[in-house]
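Subject: Structure for you to look at

Hello,

Please find the structure below.

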Number of protein chains: 2
Amino acid sequence: MSTRAGIVVTGTEVLTGRVRDRNGPWLSDRLRELGVDLAHITICGDRPQDMEAQLRFLADQGVGLIVTSGGLGPTADDITLEVVARFAGRPLALDGALEGRIADILESLTRRWRKLDFEAVRAANRKQALVPEGATIIEPAGTAPGMIVPPMDGSGPTVVVLPGPPRELHAMWEQAMATDAFRAAVEGATAYRQEMLRLFGIPESEIAVTLHGAQERIAGFEELEITTCLRRGEVEVVVRHEPSGEAAWKELKAFIAERHSATLFSTDGSTVDRQVADLLVRRGWKVATAESCTGGLMGARLTEPPGASAYVAGGAVAYANEAKVALLGVPAQLIEVCGAVSPQVAEAMAAGALERVPADVAIAITGVAGPGGGSEDKPVGTVCWCALDADGTTIARTTEMPGDRDEIRDRSTTVGMHLLRRLLRGEERPVW
Amino acid sequence: MSTRAGIVVTGTEVLTGRVRDRNGPWLSDRLRELGVDLAHITICGDRPQDMEAQLRFLADQGVGLIVTSGGLGPTADDITLEVVARFAGRPLALDGALEGRIADILESLTRRWRKLDFEAVRAANRKQALVPEGATIIEPAGTAPGMIVPPMDGSGPTVVVLPGPPRELHAMWEQAMATDAFRAAVEGATAYRQEMLRLFGIPESEIAVTLHGAQERIAGFEELEITTCLRRGEVEVVVRHEPSGEAAWKELKAFIAERHSATLFSTDGSTVDRQVADLLVRRGWKVATAESCTGGLMGARLTEPPGASAYVAGGAVAYANEAKVALLGVPAQLIEVCGAVSPQVAEAMAAGALERVPADVAIAITGVAGPGGGSEDKPVGTVCWCALDADGTTIARTTEMPGDRDEIRDRSTTVGMHLLRRLLRGEERPVW
């Protein structure tokens, strides 16, 4: 039986949705890698009683490990350590040496700010040097130290207290894992395996039908914890199992591969983004973008991974028609005759990008993201894509996408990625 | 005393971080508008016992309203209704009329999919027509209906059950609010007021010092619930208060405005994105982008709001040096002499965009997003911006940004927005 864990994300800015939590998902991945079974993520504001209630809830649920993020800053609304100390029954005491280390960090940081009252800032940060009795200090990656707070009487969860800024949390997590206090809390975790299949161009309900069929045919199916979800226009099937479920997983994978060969594009967890990047690198090709409705999202997505400069040349954000003409040499008359959202203009955009940017393949996207700008024959959601390479091979597509402006723009980049993938793999026009 | 509420976000894909939750933040805003005090957001996987434990936790915390999102789909891992029905002590029964309505929706939806076994899909969706006894149905915006499930014995929370896809949840929330069952659950909510100040170019700890000073000077300060947070490189100060706190809020606002006049840019909650858009529209200007390290993020951010076509012309993603030359006419020699990441190249990029794209103002960004590509004199995080208008007025900036690749790219667009804002307001070079 594996260790269960909970994550407490703190901060009124997160609870009220002004700041998106990036720590829960990240920590959840790290815990899974350790074979720790994450049961709950809870989010609370900067209110001591609510935070304490969440810690008690997780303890009642029998988790052996709680990771908190946020609430370690200098302002009065940063209360996590005080609450965790009370929860664990361990009084706080000022650690003089730690205070000195924090002051050193502050001094170097605040140099870049002009006319700053350093003493006042240091005073505001002094509370960050308070340590619960018996806790293990995690040295700051920013200015706030973290803590590992073991249960007072040996029973109950160990609490790992980490700061909110993702970069600091990531760096300090490594430190935390290396401590005895942490190891003690996670020992006995079973190594779960998690596999993922990705499909594109298929409704989730059709996968449901396939899984239903698999349940009857595959022995040991019940050993697989299967979740399916729609994400950015793709269907992800995630299968979690203990080592004993390996055979059933292999059978399921074959079963799905046979039924959905045309839409199953990833069986090793790789994203279409990764696949496109690898295909480009393998060919030694560079990609150019020509975007209208996505306004730069396709370029941003292609350049997201480190090392993108190896395969991304650049391109044009041709939002206004004048920009399509000026930046990509799309004939103004073509736009007038066919409309800015048309397969013809998409192809002209791709050709223009390929001509102007030194690149080997181009992806063009033009569409009506809405909410305005729709017409009877080209309603909101109408998008045209064209992927074109230097040999003149092209895969084009026009469709009507569901969703709001953000969804249409985002999913348009997903379709763009899949068209690039097919072109680079030398595949035919998609079935979808 | 106002109604407290909790949100339960369900779905293993959310718990494990594969899908980012967009519903918690959105619902949190809606609840605040209603004067409902959100106390907790909890996230659980598709496991009945964990979901039920979260519902009981929220009930124990005395919330009057619980909103759940997700887990209403056709697959076996969609268990929310079954759990909520058990939690509320209300048996599930098949609603024939509802099943018919769902079947009609399905038929129209599945037309676009080829070779689809419609009967199997319909069977998979039949479970979506199960209704807890005494619950109010919320008609589907997709295929899954929602439910409003009142407490069995009149005490305990009302549970509003909504689907996971944001667009469906948004549409169905409107319906839910109009029902008597919902009104009954939220009656007696106090209208809280929430105000926001935004500052740019100042460390959070300096705000902490200011707030500390305000606490001593301002009468009724304790009536203000103040949270500060760093978001995309800006400091947000959010103040929540009941109507009686209005005077203290006004004093605090004046106090901060006086101390931080150079960095306080928003006192009405408006974002820098909104301000830049309004300034462009007011002048009847269009903006062009010239991006290197941000790869299109600046263009994507400028075109995010509906109606962006009124003020965004377009621009170039000049990621590779060849693209800077080809698309923006940056002299290759200038890149060779000064380096691609230099104020000179940033200015040449802005000038090139202004020349080629029919636009009135341009923003250029070039930098080292890392993790590779850094050098001794230009380490990772070095970014150069140049905002330039048709009259030749320019505001440029070069700095070293902290953070990882994603943070550097994202915050570079924030700085770009603030440079555009200053240029459009006819302000001097920033103090930061």
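The notes cover a pocket, some aromatic rings and a strand.

Conventions: this is a predicted model, in which local features need pLDDT of at least 70 and side-chain atom pairs count only at pLDDT 80 or more, while totals for chains, interfaces and linings use all residues. Residues are numbered from 1 along each chain as its sequence is written, chains are lettered from A and ligands numbered from 1 in the order written, and side-chain values use heavy atoms, with hydrogens and water left out.

Pocket. Elements supplying at least two residues each include α6 (118-126) of chain A and β10 (225-231) of chain B; helices (H or I, at least four residues) and strands (E, at least two) are DSSP runs, numbered from the N terminus.

Aromatic rings. The whole structure holds 5 aromatic pairs over all chains, a pair being rings of Phe, Tyr or Trp (its six-membered ring) with centres within 6.5 Å, edge-to-face if the planes are over 60 degrees apart. One of them joins Trp173(A) and Phe182(A), edge-to-face at 5.3 Å centre to centre and 85 degrees between the planes. Both residues are buried, that is, under 20% relative accessible area with a 1.4 Å probe and protein chains only. In chain B, the ring centres of Trp26(B) and Trp173(B) are 6.4 Å apart with planes at 85 degrees, so this pair is edge-to-face too. It links helix α2 (residues 23-33) to helix α7 (residues 166-177) of chain B, the two residues being 147 apart. Arg30(B) lies over the face of Trp26(B), 4.7 Å from the ring centre (CZ of Arg, or NZ of Lys, within 6 Å of the centre and within 35 degrees of the ring normal).

Strand. In β13 (residues 287-291) of chain A, 5 of 5 residues are buried. The strand pairs with β14 (residues 312-317) of chain A in the parallel sense over 5 bridges, where pairing needs at least two DSSP bridges. Val287(A) has Val312(A) as its bridge partner.

Regards

Definitions and conventions. Rings of Phe, Tyr and Trp (its six-membered ring) pair if their centres lie within 6.5 Å; planes under 30 degrees apart count as stacked, over 60 as edge-to-face and the rest as tilted. Buried means under 20% relative accessible area, exposed over 50%, partly exposed in between (1.4 Å probe, protein chains only).
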